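Hello,

Here is the structure we spoke of passing on. My notes follow below it.

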Amino acid sequence: MTKAIGSREQLTAAIKQKAHELGYASCGITDASPFPEYLDALDRRIQRYPESARLYEELRGNAYPKKQVEWAESAIVCVSRYGKYRLPEGPARYFGKTYLVDGRLPYAAEYRAVGAFETFLKALGLSVMVPRLTARWAATRAGLGQFGKNNFIYAAGGSWHSIKVWLVNEALDYDAPLTGSPCPDRCTRCVDACPTHALEGPFTMNYGRCISHLTFHQTELPPEDLRKPMGTWMYGCDVCQDVCPLNHEKWESADEFPQLDEVAHELTLDHLFKMTQPHYERMIQPRFWYIAKEALWIWKSNALRAMANSGDAGYHHLIKEACNDPDEHIRQMARWAEQSIG
């Protein structure tokens, strides 16, 4: 393990300055102790939604930085805004916006910034690890934002941002946590708008009913009673953020995201339903990797459900054809779609 160069104050100042130079909207630092508030939140949700307990139990390890690497002393947290990119017409009706401008893609500026920041930290003599950590709770403890009632972190640019965390082996100057919420006391727009009632109340969530989870983290078709409320979402969902007054006019559309226009024409219901396995592996799966290569049936089933919910009669012939598809999942969804549209 390496030894850092410079005093605690010098290291802290240098780290924050570099984060600013690399384009991060903000940078904060907290210690590497556990996140008891996060564990309490998991326990409350498990008690309230026992049907989703397995999903929450899998997240407990995200509360313990030192269990992931014992030498961790500090957590450096950086926020980058993705609500600055121009979005082509169409895809945002079907895709969560964060996945259209995903900074984890190797050709994104945010991806390059991560690599440059890690190189800089190591040049300072720090040992560095990117943990599987509760990024949102880390952001609040590092003084970078507050929880909205929809469970997203809000900062100057609303909730349209991503959070990155690094563990390092030196104690640094820590920022004061932010508590409370920016949401007006009586506002329940996000709760009222949630199509599947996954967002059943402020600051809680039944993850098993969340549209984002249902569109890409599945091994079976979504329950029939949720298919109609899922609307036309194919991959993720933005309803609770779109209706939020704190996000009003926060999306700027000032920058271009690389290679988005080149793939935008592929992100329609008929194209996604008709795509072949080779085309999927070449054009779609590398960009939207939450759905595995062998799970093309999820895309096609999502497309059939979205077609039925769109109200567009132009899709009916595709639904009818899919009733004879070799894949059982696709046949089942096509039959549901037929019944749904009468």
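I started with the cavity. The lining of the largest cavity is made up of 9 nonpolar, 2 polar and 2 charged residues. Please bear in mind that this is a predicted model. Those lining residues number 13, and Cys-183, Cys-187, Cys-190, Cys-244 and Pro-245 are the ones nearest the cavity centre. The space inside the largest cavity is about 70 Å³. Searching the whole structure gives 1 cavity of 30 Å³ or more.

Next, the packing. There are 48 residues in the largest nonpolar core, and Phe-95, Met-234, Ile-284, Phe-288, Trp-299, Leu-304 and Met-307 have the most contacts inside it. Elements giving two or more residues to this core are α5 (97-100), α12, α13 (269-274), α14 (277-284), α15 (296-310), α16 (316-322) and α17 (328-341). Of these, α15 supplies the largest share, 9 residues. Leaving aside residues up to four places away in sequence, Ile-284 touches Val-263, Glu-266, Leu-267, Leu-272, Met-275, His-279 and Trp-299. Another core, of 29 residues, lies apart from the largest one and includes Ala-32, Tyr-38, Cys-194 and Cys-210.

Trp-251 sits in the loop between α11 (239-242) and α12 (260-264). With residues up to four places away in sequence not counted, Trp-251 touches Tyr-82, Gly-83, Lys-84, Tyr-85, Leu-87, Lys-97 and Trp-160. A polar atom of the Trp-251 side chain is 2.7 Å from the backbone oxygen of Tyr-85. Between Trp-251 and Arg-86 the C-alpha to C-alpha distance is 8.8 Å, although they are 165 residues apart in sequence.

Regards

Terms used:
Residues numbered from 1 in each chain as written. Predicted model: local features only at pLDDT ≥ 70, side-chain atom pairs only at ≥ 80, totals over all residues. Heavy atoms only, no water. Helix = DSSP H or I, 4+ residues; strand = E, 2+ residues; numbered from the N terminus. Contact = heavy atoms within 4.5 Å. Polar contact = N/O pair within 3.5 Å; in protein donor to acceptor, adjacent residues only side chain to side chain. Core = buried A, V, L, I, M, F, W, Y, C linked by side-chain atoms within 4.5 Å. Buried < 20%, exposed > 50% of the residue type's maximum accessible area, 1.4 Å probe, protein only. 1 Å grid on protein atoms, 1.4 Å probe; cavity = no way out; pocket = protein on both sides within 12 Å on 5 of 7 lines; lining within 4 Å. Points joined across faces, edges and corners; volume = space filled by probe spheres on them. Nonpolar A, V, L, I, M, F, W, Y, C, P; charged D, E, K, R; others polar.
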